[in-house]
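Here are my notes on this model. Please read them with the structure open.

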Amino acid sequence: MNKAVLNGDIRKNKISRHIYGHFAEHLGHCIYNGFWVGPESSVPNTEGIRNDVVEALKKLNIPNLRWPGGCFADEYHWEDGIGPREERPTMINTHWGGVTENNHFGTHEFMRLCELLECEPYICGNVGSGTVKEMSSWIEYMTMDGKSPMADLRRENGQDDPWSLTYFGVGNENWGCGGNMRPEYYADLYRRYATYCRDYGENRLFKIACGPNTDDYHWTEVLMREASKVGFMDHWLMDGLSLHYYTVPGTWQKKGSATEFGPEEWKATMEKALYMDKLIEGHAAIMDRYDPEKRVALVFDEWGTWFDVEPGTNPGFLFQQNTQRDALVAAIGLNIFNNRSDRVRIANIAQTINVLQAMILTKDDKMVLTPSYHVFEMFKTHQENDLLPLDNLPKEISGSASIDREGRVFMTLANMDGEKESRFDVEIRGLSVKGVKGRILKTENISDHNTFEDPDRVKPVDLEGVDWEGNTLKISLPAASVVALQMA
Ligand code: AHR
């Protein structure tokens, strides 16, 4: 039988909690009817923000929330989203369904949402259709403490104190929807825009450059070479480089249904999710050449499944159901990020509510938690722990392990085989195991999911009787299951 080894006494790097980040774009019903219902709504809310989703998301310990896009970010003009709501101009959301955006959810509403979620804002600025001045004055508006035109405007709009803002993206997908640029051109624009992203008072920005699409290694090479360090003093201008990759089981034209699939599509999805590891390896190798000390983080700020939209829904709204297959993709992604957390220090699953691989689906005043939500909840124990090496797992198993400050060890495992149980041992070295407990997310069918009528079909339960002998755990994982174990 396969014997995996967990080395409890080899502490590697810290797993940044920011790997467990989320993403909220003005797309479909992520913001409107997802997070935001407005203060007048009959749906219980705090200053327009839904109470039920805030309460549910707080249980995930969300570290950061990326906003306002995505593709939307490069056509968003922040000044349209401040001041009295009824006076804000409208715009057309050309990327996502051509709907009218009323700008009722803007900077103040987003910052309030982050306060309620107790998470850090991650704001993406507009390079594609915005100016340097526009980006620079947005940062001044949000973070300037003393007297300045933008700080005064913020005060006029009801916010005296500056907000604290660390994570700032200088454009999104500028190789595509953000301007169809070549890397050489974007690298120069990054240098220019990032120069005027100023630190005011105590605030320190962590500037994130638009990184590659999937396996565009040339983009990474050019950005690292031309824009990570500048000037005769080799001043670091880049703190993070983003990476986007979606798990699409079919082709971009015919991605496949979110709920109607069989073993073939299951297998294709697992393989495509595992590809994230290869991608990180490839991009990290290039980054290592320019930045051996790993100062620049790889920011995987869009990842997750992308299927055909649910039949009968607006194709521009990217609304899809979420099954046990999504739970597996979430587990695979988070395990990969944990294991590669020396370079991957921020990640954002796309997207939080009602869009792509969502945590939450809403309909009127109802809310349902998806299997992906449960994986994020089960895996949150890794946040800020030290990574432990977990080697020699069977090939069908995705896993990672960590240790917290109190010496508690956490191990998360997923059986990627959709049909067969997996049995294996894990020898724990360098620690003595006194007790093990855990939870499991498993389903009767691989396509099981939660609906408004049956919201708890897929949810974690306590794992009965984890067997262990001495320092060896005897694991048996049902097909297509996800497990979180805690050892003390
Ligand atoms: O998440 C949906 C879209 O996917 C984002 O707006 C864009 O950045 C990516 O192409």
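Which residues does V436 touch, not counting residues up to four places away in sequence?

1. V436 touches V466, W468, L473, L485, Q486 and M487. Contact here means heavy atoms within 4.5 Å.

2. A word on the basis. This is a predicted model, in which local features need pLDDT of at least 70, side-chain atom pairs count only at pLDDT 80 or more, and totals for chains, interfaces and linings use all residues. Residues are numbered from 1 along each chain as its sequence is written, and side-chain values use heavy atoms, with hydrogens and water left out.

3. V436 counts as buried because its relative accessibility is 18% (buried: under 20% relative accessible area, 1.4 Å probe, protein chains only). Its C-alpha atom is separated by 4.5 Å from that of M487, 51 residues apart along the chain.

4. V436 lies in strand β23, residues 436–441 (strands are DSSP runs of E, at least two residues; helices are runs of H or I, at least four; both are numbered from the N terminus). β23 runs antiparallel to β27, residues 482–487, with six bridges joining them. G438 has L485 as its bridge partner in β27. β23 also pairs with β24, residues 461–462, in the antiparallel sense over two bridges (pairing needs at least two DSSP bridges). There, I440 stands opposite V461.

5. Now the helices. α3 (residues 132–143) and α4 (residues 149–156) pack at about 55 degrees, with their axes 7 Å apart (axes are lines fitted to C-alpha atoms over the stretch in contact; angles run from 0 to 180 degrees between N-to-C directions).

6. S137, E140, Y141, M142 and T143 in α3 meet P149, M150, A151, L153 and R154 in α4.

Terms used. Buried means under 20% relative accessible area, exposed over 50%, partly exposed in between (1.4 Å probe, protein chains only).
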